[in-house]
Amino acid sequence: MGWSFNLGSFGGTQIRVHVTFVLLLAWIWFAQYQAGGTAAAWQGVAFSLAVFACVLLHEFGHALAARRYGIRTPDITLLPIGGLARLERMPEQPLQELVIAIAGPLVNVVIAGIIILALGNTVGLGEISLIDNPHADFLARLAGVNVFLVVFNLIPAFPMDGGRVLRAVMAFWLPWARATQVAATIGQGFAVLFGVLGLFYNPLLLLIAIFIYIAASSEAQNAELRGIARNVLVSDVMITKFSSLQRSSTLAEAVELLLATTQHEFPVVDLSGRFAGLLTRNAMIQALRDGGPATPVSSVMRSDIPVTHPSKPLQDSLRVMQAAGAPAMAVADDAGHLVGLVTHENLGEMLMVSAATEGFRFGRLRRGPGRVGL
């Protein structure tokens with residue numbers, strides 16, 4: 001995620017913190033300082049860090065459960081609204097998603113239980129509920145926060161944990177795409193509710209509402225894409241008419257193609273036509289600022305782009321593309337020569353074509369330059 005920095009890694013998962021999280025801590029310090037002085041300010045920051053340590057453990061609960069099914073978690077990012085564990089791919093079975101989704105809240109249940117047992121009879125349930133009271137017992141408040149995290153995360157607002165549990169349960173009886181669509185619609189309904197409540201009670205709910213609404217739409221689209229891709233070959237949707245660059249080309253030549261075409265990604269090939277890498281528009285513009293138009297594209301291109309075969313199922317190729325976090329996927333024939341591209345843009349167009357021509361076989365579509373068309 002952009003605007004975040006790396007704190008290190010644990011078990012192959014990078015721990016990242018978004019810059020807005022640091023701004024949140026600064027705001028908490030200032031607000032508590034005005035209310036109670038320096039000691040109160042640092043206590044407020046310490047409590048916030050303890051809360052987000054619990055959030056981090058919550059996300060690692062998801063990550064460890066996902067690892068059980070062979071799904072890696074490249075990174076976890078801490079944001080002011082919580083944590084975000086990025087899985088390299090979505091689970092394949094409803095039971096897998098159910099286990100992964102419930103693992104995070106279960107971590108908070110364990111944390112709250114350990115704290116309550118450690119406190120014994122020194123505090124009551126009333127003090128545990130005083131989360132916003134800085135004068136209440138530190139550990140009691142932390143136990144209360146973990147109870148709150150369990151309850152809040154299990155609200156069936158997809159793609160929050162509760163929404164994923166709801167989708168997983170429905171997917172035992174409904175097709176995956178349909179279960180996702182229903183869960184996403186419910187999630188967007190909760191997003192509207194959170195937005196209204198945020199206007200009157202807590203502005204943070206507005207940020208959560210925006211995140212839920214956008215993420216639910218994205219998840220529904222991804223599920224629809226996976227459903228279509230299950231019965232489609234790469235050759236059915238790949239772009240076959242595109243402009244490419246040679247390894248010896250310069251950024252000046254790349255800019256000419258950028259202005260003359262509608263492409264945002266340009267494959268780079270060697271003299272024999274074999275795929276060597278991909279030059280993206282953003283990388284091109286950044287390199288122009290740093291090195292100038294004479295910079296060779298071979299020093300700027302991404303060489304970690306996945307390569308697939310035209311006869312491969314699109315579903316399998318998409319998994320590889322998503323796991324690599326690549327903006328596109330190269331398609332090569334048996335000799336390794338580049339014959340096509342699959343980009344996020346033409347995958348989106350495939351979804352639009354599917355919605356407009358439901359049941360139509362994609363093998364009958366002709367491919368034009370940079371788009372799928374009839």
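Predicted model: local features only at pLDDT ≥ 70, side-chain atom pairs only at ≥ 80, totals over all residues.
The account begins with two helix contacts. Helix α2, residues 38–68, and helix α5 approach to within 11 Å between their axes, which cross at roughly 40°. The two helices α2 and α5 are therefore oblique to each other, and the crossing by which α2 passes α5 is right-handed. On the α2 side the contact is made by Gln43, Ala46, Phe47, Ala50, Val51, Cys54, Val55 and His58, and on the α5 side by Phe138, Arg141, Leu142, Val145, Asn146, Leu149 and Asn153. By residue class, this contact of α2 with α5 comprises 10 nonpolar residues, four polar and one charged.

The second contact involves helix α3, residues 94–119, and helix α6, residues 161–170, whose axes lie 8 Å apart and pack at an angle of about 160°. Since angles over 145 degrees count as roughly antiparallel, this angle makes α3 roughly antiparallel to α6. The crossing of α3 and α6 is left-handed. From α3, the residues Pro94, Glu97, Leu98, Ala101, Ile102 and Pro105 meet Asp161, Arg164, Val165, Arg167, Ala168 and Val169 of α6. Eight of the residues in the contact of α3 with α6 are nonpolar and four are charged, with no polar residue among them.

Between α5 and α6 runs a loop that contains Pro159. The peptide bond leading from Phe158 into Pro159 is cis, with omega near 10°.

Nine aromatic pairs are found in a search of the whole structure. In one of them, Phe152 and Phe194 have ring centres 5.9 Å apart and planes at 25°, so the pair is stacked. This pair joins distant parts of the chain, with Phe152 in helix α5 (residues 138–153) and Phe194 in helix α7 (residues 176–200), 42 residues apart.

The strands may be taken in chain order. Strand β3, residues 75–79, pairs with strand β4, residues 82–86, in the antiparallel sense over five bridges. A hairpin of two residues joins β3 to β4, and Ile76 stands opposite Ala85 of β4.

Strand β6, residues 265–269, is antiparallel to β7, and the two pair over five bridges; Glu265 has Thr280 in β7 as its bridge partner.

Another open sheet of three strands is ordered β8-β9-β10, and its pairing is mixed. Here β8 (307–308) and β10 (338–343) are the edge strands, each pairing on one side only. Strand β9, residues 328–332, pairs with β10 in the antiparallel sense over five bridges, and Met329 stands opposite Val342 of β10. Helix α12, residues 314–324, lies across β8, β9 and β10, running at about 130° to β9.

Notes. Residues numbered from 1 in each chain as written. Heavy atoms only, no water. Axes fitted to C-alpha atoms, helices over the stretch in contact; angles between N-to-C directions. Helix = DSSP H or I, 4+ residues; strand = E, 2+ residues; numbered from the N terminus. Parallel < 35°, antiparallel > 145°, perpendicular 65-115°, else oblique. Left-handed = near helix turned anticlockwise from the far one by under 90°. Contact = heavy atoms within 4.5 Å. Nonpolar A, V, L, I, M, F, W, Y, C, P; charged D, E, K, R; others polar. Pairing = 2+ DSSP bridges. Phe/Tyr/Trp six-rings, centres within 6.5 Å; stacked < 30°, edge-to-face > 60°.
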